[in-house]
Amino acid sequence: MAQIKGRIHSTESCGTVDGPGIRFIVFMQGCLMRCMYCHNRDTWDLHTGKEVTVDDLLNEMLPYKSYMNASGGGITASGGEAILQAEFIRDLFRSCHEHGINTCLDTNGYVRKHTEVIDELLSETDLVMLDLKQIDDEVHQVLAGVSNHRTLDFAKYLQQINQRTWIRYVVVPGYTDDERSARLLGEFIQDMENIERVEMLPYHVLGEHKWKEMGETYPLEGVEPPSKETMAKLQKILLEYNPKVIF
């Protein structure tokens with residue numbers, strides 16, 4: 001049977017920030033969100049990138065298996081948005097499990113239609129890292145270009161099936177760095193026992209050059225990363241709702 005092909009942007013052999021341990025990161029091509037602070041602007045296009053099979057990625061990844069497993073790591077499917085290629089990621093993760101490799105899905109949770117394939121993918125996923133960009137939908141639409149309804153529904157579904165989950169929250173000055181936004185997030189996640197960790201990530205400008213290389217204006221030009229004081233204030237607020245907040 002012919003393998004399903006996926007479209008990837010790139011891979012990273014020894015990542016240390018996208019899940020636990022040392023991880024092989026697959027950056028999938030394509031995304032439907034239009035985040036103003038996106039540091040992978042060149043992954044949005046659904047039709048570009050490199051076509052690969054599961055075997056292609058396994059051949060690239062398996063030489064690092066001993067390092068990943070010794071560190072408690074594995075593979076992370078990121079993006080772009082990996083869940084747009086759910087069938088391919090399902091097959092990739094299934095093969096990884098056959099080789100004794102841990103799997104992590106890094107996603108914005110923008111599931112357009114909940115199908116059997118989504119459940120099959122989650123059954124092969126050891127950890128979901130879910131980006132909750134903003135709970136206030138009006139602000140979310142400005143910040144990410146789409147409503148957050150599908151993402152929040154996905155988060156609730158992960159709670160329902162008790163899927164091991166880490167939450168990621170990027171602190172963007174003017175959009176997510178205020179007390180109200182932090183409290184909305186805290187209230188949303190406080191009863192979700194499946195959440196093991198909440199990562200607060202300061203906004204950065206490392207991807208700004210990609211926008212300019214594509215001939216586009218970076219939407220947050222001139223916006224500086226949040227201060228340590230702001231990060232500490234928001235962490236203190238979130239700790240009122242969930243004791244697993246880190247930054």
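I started at Arg164, which is partly exposed at a relative accessible area of 29% (the classes: buried is under 20% relative accessible area, exposed over 50%, partly exposed in between, with a 1.4 Å probe and protein chains only).

Before going on, a note on the source: this is a predicted model, where local features need pLDDT of at least 70 and side-chain atom pairs count only at pLDDT 80 or more, while totals for chains, interfaces and linings use all residues. Residues are numbered from 1 along each chain as its sequence is written, and side-chain values use heavy atoms, with hydrogens and water left out.

**Entry: the Arg164 pair**

I looked up the partner next: Arg164 and Glu196 meet through their side chains in a salt bridge, 2.8 Å from N to O (a side-chain nitrogen of Lys or Arg within 4 Å of a carboxyl oxygen of Asp or Glu). Arg164 sits in the loop between helix 6 (149-160) and strand 7 (165-171) and Glu196 in strand 8 (residues 195-202), so the pair ties together parts 32 residues apart in sequence. Helices (H or I, at least four residues) and strands (E, at least two) are DSSP runs, numbered from the N terminus. Glu196 is partly exposed too, at 40% relative accessibility.

**Entry: other salt bridges**

I got a count of 17 salt bridges by this rule. I checked Glu240 and Arg183, whose closest N and O atoms are 3.0 Å apart in their salt bridge. Glu240 is in the loop between helix 9 (228-239) and strand 9 (245-246), Arg183 in helix 7 (residues 179-189), so this pair links parts 57 residues apart in sequence. Arg183 is partly exposed, with 23% relative accessible area.

Arg94 lies in helix 3 and Glu124 in the loop between helix 4 (116-123) and strand 6 (127-131), so parts 30 residues apart in sequence are tied together. Glu124 is buried at 15%, whereas Arg94 is partly exposed at 32%.

I also noted a network of salt bridges that links Asp18, Asp106, Arg168, Arg197 and Glu199.

**Entry: strand 4**

I found five of the five residues of strand 4 (residues 74-78) buried. Strand 4 runs parallel to strand 2 (residues 23-28), with five bridges joining them (strands pair if DSSP finds at least two bridges between them). I see Arg23 bridged to Gly74 here. Strand 4 also pairs in the parallel sense with strand 5 (residues 102-107), over four bridges, and Ile75 has Thr103 as its bridge partner in strand 5.
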